[in-house]
Structures are given as C-alpha cells and as structure tokens.
Amino acid sequence: MAEFVEWIEGISVLELSKLVEALETRLGVSAAAPVAVAAGGAAAGGGEEAAAAQTEFTVTLTVPGSQKIQVIKELRGITNLGLKEAKELVDNAPKAVKEGVSKEEAEEIKAKLEGVGATVEIK
C-alpha cells in the first residue's frame, strides 16, 4: 500500500486527473469521493492534489500572436464584447478573457484562441 501512495505522490496532477477519470468510468462512481480524497491529500502536505480539485478556472490571453484581427473576432464571439473592448483586451495582454468557468469551457476557449495563433493560459 505504501508503494502505491508513493507512486501517486510522484505523478503529475494531469496524470492523477486522468487516473481519477478512468477509475470513475470503470467503477461507475461519482467525482465527489475521489476529489475529497485528493483534497485530503493536499491538506497532508501535497499542493499538487489541490489543483485537481479546482472547479473554476480563469482563461488568460497571454500573447495575441500575429493574427490580432482573428483573435479579436474569436474574443467577441466568446465574451460578447464590443469591437473596441475586444481590441483593448488584445492590446493589453496578458489579460483575463473569462473567469470562473468550468474546465471544459476553459479548454474550449483555449482551443479557439490557440486556433487563431494566440497563446492562452488556464489558471
């Protein structure tokens, strides 16, 4: 049992997340129990497990890239900002695009913006 715990401590948060998802699917359990276990591990001294329990994310445009017009168009669709506000967001990067979104929505936004050449960070 101790070897298993050491192995889990040694893997990345992304690997731990994928492991939890695979176990949920295979065993037919909900996310509530595994997340509680991960949060308990974080309290014991591992900060990486706390990130796995995060439910709200902030999508930040770090670098608009060379296709600023395309990035502005995507931002307008994602955020419903006006042209002037979207241009200001791009010109003042790094800047938060959306805050308090789910992981799925954050990944979707990141994919759209990176598709037009921007660099995006999810926190």
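The model is predicted: local features need pLDDT of at least 70 and side-chain atom pairs count only at pLDDT 80 or more, whereas totals for chains, interfaces and linings use all residues. Residues are numbered from 1 along each chain as its sequence is written, and side-chain values use heavy atoms, with hydrogens and water left out.

Asp91 is partly exposed at 39% relative accessibility, as is Lys87 at 44%; buried means under 20% relative accessible area, exposed over 50%, and partly exposed in between (1.4 Å probe, protein chains only). Lys68, Lys87 and Asp91 are linked in a network of salt bridges. The whole structure contains five salt bridges. Another one joins Lys103 to Glu107, with the closest N and O atoms 3.9 Å apart; these residues are likewise four positions apart, in helix H7, and so separated by about one helical turn.

The secondary structure comprises seven helices and three strands, in the order α-α-α-α-β-α-α-β-α-β from the N terminus. Helices (H or I, at least four residues) and strands (E, at least two) are DSSP runs, numbered from the N terminus.

Within helix H6 (residues 83-91), Ala86, Leu89 and Val90 are buried. These residues cover an arc of only 100° around the axis, which puts them on the same side of H6; the arc is that of the directions from the helix axis to the C-beta atoms. Their cover includes strand S1 (57-63), helix H5 (68-79) and strand S2 (95-101).

The largest nonpolar core has 18 residues, of which Val59, Leu61, Val71, Leu75, Val97 and Leu113 touch the most other members. Such a core is a set of buried Ala, Val, Leu, Ile, Met, Phe, Trp, Tyr and Cys residues joined through side-chain atoms within 4.5 Å. At least two residues each are supplied by S1, H5, H6, S2 and helix H7 (103-115), and H5 gives the largest share, four residues. Beyond its neighbours within four places in sequence, Leu75 is in contact (heavy atoms within 4.5 Å) with Leu61, Asn80, Ala86, Leu89, Val90, Val97 and Leu113. Buried residues make up 23% of the 123 residues in the chain.

Technical notes. Salt bridge = Lys/Arg side-chain N within 4 Å of Asp/Glu carboxyl O.
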